[in-house]
Amino acid sequence: MVQTPEADIAVVGAGIVGVACALQLARQGRRVLLVDRQAPGQGASWGNAGHLATEQVFPIADLSILKRLPRMLLDPMGPLRLDWKYLPKALPWFTRLLLNLRPAPFQRSVAGIRTLNEGSLGAWQRLLGSIGRSELFQEDGSLLVFEKPESRQALQALRTRMQQQAVPVDFWSAETVREAAPQLSPSLLGGLFFPRTGHFIDPYRVVCELFEAAKASGVRFVQAQVDGGQLHSAGVSLASDQGTLNARQVLVSCGAHSAKLTAALTGKRVPLDTERGYHLMLPGEHQRLPFAVTSLERKFIMTPMAEGLRLAGTVEFAGLEAPPSMQRAWQLHRLSKGLFRHDLSIDGATPWMGFRPSLPDSLPVIDRVCDGRVLLAFGHQHLGLTQAAVTAEWVGRLAERAAGPKVGAYRLDRF
């Protein structure tokens with residue numbers, strides 16, 4: 001016998017996307033049950049780069065990945081690494097990725113990413129303003145610097161491509177870079193400045209503040225491992241290690257762990273994989289940078305935060321089960337050498353690894369399926385923090401529809 005639903009909607013996943021969605025749904029009058037095997041914000045949301053990356057409108061890879069594949073397999077410290085032991089499992093995902101690099105699907109991906117990113121800054125301003133925590137986000141832009149003369153042409157080409165996508169971008173000379181960020185090395189030759197971006201001073205605290213607001217709006221949290229679920233006439237029943245959880249609807253928003261539950265509920269297999277990302281937190285470096293700075297050649301980002309300077313980046317394909325390679329986090333400090341007038345201090349530094357949920361077309365799934373009983377919001381790759389607030393607004397609109405509208409390029413049935 002099916003039990004009476006204890007919630008209007010169960011949100012599975014308490015990362016930044018899930019918590020933002022839970023708050024949005026509760027404010028719309030829903031009884032919301034938030035479920036995660038960990039405390040809110042303990043996954044990828046805890047250690048992301050903290051950059052509101054609205055300028056990143058291009059997919060996670062282009063055709064140059066073919067040239068880099070041998071190095072990916074051979075260089076354990078490279079910015080893009082594929083664990084050769086994981087290659088057989090990753091091969092179907094990479095095949096789909098390559099097919100999505102053809103002109104038509106590539107442009108669909110660009111348009112889809114751009115649409116989400118264009119709404120992200122305003123959505124975050126509304127969301128943080130609504131909970132009285134606007135100070136957690138600094139809209140101060142971000143800078144992409146270059147060091148080598150031969151990189152200038154590539155930088156100018158990137159600027160042109162971004163202007164074609166209506167991304168606000170300015171070219172900064174070496175002198176302008178030195179004036180804005182005097183602690184950077186005088187050997188830098190210039191960069192691209194993105195004025196409509198910014199950074200969060202503490203990404204984990206953002207999740208916690210949103211969670212507190214969600215609880216104040218009536219959201220109930222259960223720490224449980226959801227292992228599966230089934231649909232029925234009254235809604236959905238989720239099987240967990242804390243017993244069966246019943247709701248009229250479910251939102252699957254558990255990041256890189258979303259594929260199994262999506263398959264159980266919808267019968268659809270989603271080609272979701274994880275790009276493992278690393279960071280190194282430097283607690284002694286509070287005054288080095290005024291805004292987030294990325295290195296074109298070294299391919300990592302440095303973000304000033306309340307607790308210090310966070311060095312983040314690298315992509316590793318090794319799945320959800322392999323142990324972290326923390327030397328990749330420490331490699332970020334080695335990459336920083338030469339970017340500053342004086343080397344960064346690693347006193348008290350802490351490394352971290354997390355799972356970015358990525359689909360081969362670089363677009364998330366944001367959809368309503370199964371006669372409205374299942375909502376989906378996952379697969380935001382490097383842009384989970386950037387797109388969380390606007391995704392929550394979209395999910396709120398999807399939840400209000402009597403029959404599920406398909407949200408363009410983000411539909412589940414595109415696979």
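Predicted model: local features only at pLDDT ≥ 70, side-chain atom pairs only at ≥ 80, totals over all residues.
Trainee: What radius of gyration does the protein chain have, and why does it agree with a compact globule?
Mentor: The C-alpha atoms fill a box of roughly 70 × 45 × 40 Å along the principal axes. For 415 residues, a compact globule would have a radius of gyration near 22 Å, so the value of the protein chain agrees with that expectation. That value is 21 Å.

Trainee: What percentage of the contacts between residues at least 6 apart in sequence join residues at least 24 apart?
Mentor: A contact here requires heavy atoms within 4.5 Å. Among the contacts in the protein chain that span at least 6 places in sequence, the share joining residues at least 24 apart is 76%.

Trainee: Which residues touch the most other members of the largest nonpolar core?
Mentor: This core has 50 residues. The residues that touch the most other members are I16, W124, L210 and L251.

Trainee: Which residues does L210 touch, not counting those up to four places away in sequence?
Mentor: L210 is itself one of the core members with the most contacts to other members. With residues up to four places away left out, L210 touches I16, V19, L23, W124, L127 and I131.

Trainee: Which residues are the closest to the centre of the second largest pocket?
Mentor: This pocket holds about 260 Å³ of space. Its lining consists of 13 residues, divided into five nonpolar, three polar and five charged. The closest to the centre are N100, R108, D361, A409 and R414.

Trainee: Which element gives the most to the lining of the second largest pocket?
Mentor: The largest contribution to this lining is three residues. The element that supplies them is α5.

Trainee: Which residues line the largest cavity?
Mentor: The count of cavities of 30 Å³ or more comes to one, and the largest cavity holds about 40 Å³ of space. Its lining divides into six nonpolar, three polar and one charged residue. The lining residues are P59, I60, A61, L97, N100, L101, S109, P360, D361 and S362.

Trainee: What percentage of the residues in the protein chain is buried?
Mentor: A residue is buried when its relative accessible area is under 20%. Of the 415 residues in the protein chain, the buried share is 56%.

Terms used. Residues numbered from 1 in each chain as written. Heavy atoms only, no water. Core = buried A, V, L, I, M, F, W, Y, C linked by side-chain atoms within 4.5 Å. Buried < 20%, exposed > 50% of the residue type's maximum accessible area, 1.4 Å probe, protein only. 1 Å grid on protein atoms, 1.4 Å probe; cavity = no way out; pocket = protein on both sides within 12 Å on 5 of 7 lines; lining within 4 Å. Points joined across faces, edges and corners; volume = space filled by probe spheres on them. Helix = DSSP H or I, 4+ residues; strand = E, 2+ residues; numbered from the N terminus. Nonpolar A, V, L, I, M, F, W, Y, C, P; charged D, E, K, R; others polar. Rg over C-alpha atoms; globule rule 2.2 N^0.38 Å.
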